[in-house]
Amino acid sequence: MINNAQKYTSLIKTEAKRLGFLSCGISQAKFLEKEAPRLENWLNKNMHGSMHYMENHFDKRLDPTKLVDGSKSVISLLLNYFPVESQIDKTAPKISKYAFGMDYHFVIKNKLKQLLEFIKDEIGDVYGRAFVDSAPVLDKVWAAKSGLGWVGKHSNLLTQKVGSFYFIAELIVDLELEYDMKTTDHCGSCTACIDACPTQAITEPYVVDGSKCISYFTIELKENIPNDFKGQFDDWMFGCDVCQDVCPWNKFSKAHNEPLFNPHPQLLEMTKKDWEEITEDTFKKVFQKSAVKRAKYSGLIRNINFLKE
Ligand code: B12
Ligand code: SF4
Ligand code: SF4
C-alpha cells in the first residue's frame, strides 16, 4: 500500500518534470551538522571577500526550519542551462554560459511558483517558500543530500549523466514527503578543475576561495580588480566556466530546452572589437533581461578594460 508521503512525492516529481526541471530530489528539513564547521571555516578565512551577505543569517543558512516556520521537507530542483551555441569570435572576451539568456532568477521563480501552486491545489493547505540562489540556503548541499549529484572538487554539484551546467533551486515546505538517498562521489583521483583554475582559487579539493575566483571579481566585486590578478583571467569578462569546461563529466552535458535561456543573437556575434567599443545603448539592448545586468554597464567596461594588456 502506498502512503500519502509516497503519493505526494510522486505527484510533485512528475509535475517538476512537466515544468521542465531536469530533476527533483527531496530531503528532510533539518540542521546541517557537518556543514556548520565548514561554512564557519570558510567565513573565518575570508573566502567570501566582499560578499558580506554570506556572513548574514548563519543559523538560518544551516537550518531550513529556522528559515521557514514548521518546514519538514526541502524539495531540490535542477534546471539545465547548457547551451549548444558559443561566442563566434574566439578572441572576444568571454561570458559564462549561465548568463547567455534571460536572468535565471526570473525563469526559475516562475516555475517554482507554479510548482507550489500545484502542490496547494493537489494536496491542500501546504505552507512553503520558493528559493533560488539569493536566499540563505546551501543549495548544493541540499541537492546532494537529495541524490541529485555530488559536490565535486570544484565545489559545484555534478552528475555522471549530465555534468554540472544547471542551476539549483528549492521549495521548502511543511509537508512530510519521501526522502532520497545521497549518491556517491565520482571525482576519484581527477584534479582537472584544480589544475586548470586560472587564479588557483580551488585552494584544496572541495574548497573554493571565493575571493580569488574570476566569477567573484567580474560579477560580485564592486571596487577595482586587484592588479595582482592581471593577465590571469583567460579572457573572462563575466563569470568563468574553466573548472566546469575541463571536467570530464561535462562531456555528457545535454543542450537545455528552455527558450528563455537562448541568447540575444547579437551576443554571440559580437567581436572582440565590438566588445571593446560597446555603448551603453547596445549593453541595454543585448542584456535587457540578462543576469549580466548585475555587473552594470560600468562593471562590464571595468572587466573588459582589465583584460587589455
Ligand atoms: C557565494 C556563491 C558564489 C561565490 C563563491 C563560490 C562558492 N563556491 O561558494 C562565487 C561568486 C565565487 C561563485 C561562483 C560561481 N557560482 Co556561485 N553561488 C554562490 C551562492 C550564492 C552561495 C554558495 C555558498 O553557500 N558558498 C559558501 C561556501 C562555504 O560553500 P561551498 O563553496 O559550497 O563550500 C562547501 C565545501 O567547501 C564543503 N567543504 C569544505 N571543506 C570540505 C572538505 C571535504 C572533504 C568536503 C567533501 C567538502 C568540504 O563545505 C562547504 C559548505 O557546504 C550559491 C547559491 C546558494 N544559495 O547556494 C551560488 C551557486 C553555488 N553558484 C553557482 C554557479 C553556477 C557559479 C559559477 C559556476 C558561475 C560562473 N560560471 O561564473 C561559479 C563557480 C565557481 C566555483 N567553482 O564555485 C550555482 C552552482 C550550480 C551547481 N551546479 O553546483 C549556485 C548553486 C547558484 C544556483 N542557485 O544555481 N558563486
Ligand atoms: S570559476 Fe574559474 S576562477 Fe572560479 S574556481 Fe572555477 S576555474 Fe577557478
Ligand atoms: S574536474 Fe575532476 S576533480 Fe574536478 S569536479 Fe570534475 S571530476 Fe571532480
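A residue counts as near a molecule if one of its heavy atoms lies within 4 Å of it. This is a predicted model, where local features need pLDDT of at least 70 and side-chain atom pairs count only at pLDDT 80 or more, while totals for chains, interfaces and linings use all residues. Residues are numbered from 1 along each chain as its sequence is written, chains are lettered from A and ligands numbered from 1 in the order written, and side-chain values use heavy atoms, with hydrogens and water left out.

**View 1. The surroundings of ligand 2.** Around ligand 2 sit Cys197, Pro198, Thr199, Ile202, Cys213, Ile214, Cys240, Val242 and Cys243. Sorted by class, that shell has eight nonpolar residues, one polar and no charged ones (Ala, Val, Leu, Ile, Met, Phe, Trp, Tyr, Cys and Pro count as nonpolar, Asp, Glu, Lys and Arg as charged, and the others, Gly among them, as polar).

**View 2. The protein behind the close-ups.** Picture a C-alpha box of roughly 65 × 40 × 35 Å along the principal axes. Buried residues (under 20% relative accessible area, with a 1.4 Å probe and protein chains only) make up 51% of the 309 residues. Take contacts (heavy atoms within 4.5 Å) between residues at least 6 apart in sequence: 76% of them join residues at least 24 apart.

Terms used. Buried < 20%, exposed > 50% of the residue type's maximum accessible area, 1.4 Å probe, protein only.
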